[in-house]
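Hi,

Here is the structure I promised to pass on.

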Amino acid sequence: MDAAEAVESIQREMTIFARRARASAGRLHPELSLVSYTLLGHLEERDGCRATDLAAHYALDKSTVSRQVSALERARLVERRLDPEDHRVQVLHLTEAGRTILAQVTESRRAAFQERLARWPEEDLARFAEYLVRYNAWPAPHEDADADQNEG
């Protein structure tokens, strides 16, 4: 397999992976899409942030994030709080229900990965993990533009 064929295969397999991830998110929790799960994880990791920060980080349209956040608020998984340093700003935080559901879905996803990868040799797992980290470390297009603006 030459480089062009390898890149084509990687693209095809990553598309399959993304489709499978989207489909499994709904099975793990009916109210939690893959995007919602990702946003909840980001809020937990950052201990809250503004909706505009979510949109910027994931290169999503503000209206998309707004719809997702509204759904999460209706499900009582996130809540808005005033920023203690700037009362004009609202910061999104996980509720206890949000933390509980995120933990349940995370554990279900972890178990699914462990089951799927159980027969892989340890060195293959380590290599695969390194490749994914390296692939995901590549800057997204909006990050390239930000870097170019900061350098000039």
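**What covers helix H4**

Among the elements that cover the buried residues of H4 are H2, helix H3 (51–58), strand S1 (78–83) and strand S2 (86–94). Before you go further, keep in mind that this is a predicted model.

H4 itself runs over residues 62–74, which makes 13 residues. From its first C-alpha to its last it reaches 18 Å, close to the 18 Å expected at 1.5 Å a residue. Which of its residues are buried? Val65, Gln68, Val69 and Leu72 are. Looking down the axis of H4, you'll find its buried residues within an arc of 100°, so they line one face of the helix. Turn to the face that points away from this buried side and you'll see the exposed residues Arg67 and Arg74. After H4 comes arginine 76, and its phi is positive, near 60°.

**A histidine in H2**

Is histidine 42 buried or exposed? Its relative accessibility is 5%, and the cut-off for buried is under 20%, so histidine 42 counts as buried. If you leave aside the neighbours within four places in sequence, histidine 42 is in contact with Cys49, Leu54, His57 and Tyr58.

**The aromatic pairs**

How many aromatic pairs does a search of the whole structure find? The search turns up two.

One of them joins phenylalanine 17 and phenylalanine 113: the ring centres are 6.4 Å apart and the planes are at 40°, so the pair is tilted. (Tilted covers angles between the stacked limit, under 30 degrees, and the edge-to-face limit, over 60.) Phenylalanine 17 belongs to helix H1 (residues 3–28) and phenylalanine 113 to helix H5 (residues 96–117), so this pair ties together parts that are 96 residues apart in sequence. As for accessibility, phenylalanine 17 has a relative value of 47% and counts as partly exposed, and phenylalanine 113, at 39%, counts as partly exposed too.

Tryptophan 120 and phenylalanine 128 also form an aromatic pair. That pair is tilted, with 5.4 Å centre to centre and 50° between the planes. Tryptophan 120 is partly exposed, with a relative accessible area of 37%, and phenylalanine 128 counts as partly exposed at 36%.

Over to you!

Technical notes
Residues are numbered from 1 along each chain as its sequence is written. This is a predicted model: local features need pLDDT of at least 70, side-chain atom pairs count only at pLDDT 80 or more; totals for chains, interfaces and linings use all residues. Side-chain values use heavy atoms; hydrogens and water are left out. Rings of Phe, Tyr and Trp (its six-membered ring) pair if their centres lie within 6.5 Å; planes under 30 degrees apart count as stacked, over 60 as edge-to-face and the rest as tilted. Helices (H or I, at least four residues) and strands (E, at least two) are DSSP runs, numbered from the N terminus. Buried means under 20% relative accessible area, exposed over 50%, partly exposed in between (1.4 Å probe, protein chains only). Contact means heavy atoms within 4.5 Å. The expected span of a helix is 1.5 Å times one less than its number of residues. The arc is that of the directions from the helix axis to the C-beta atoms.
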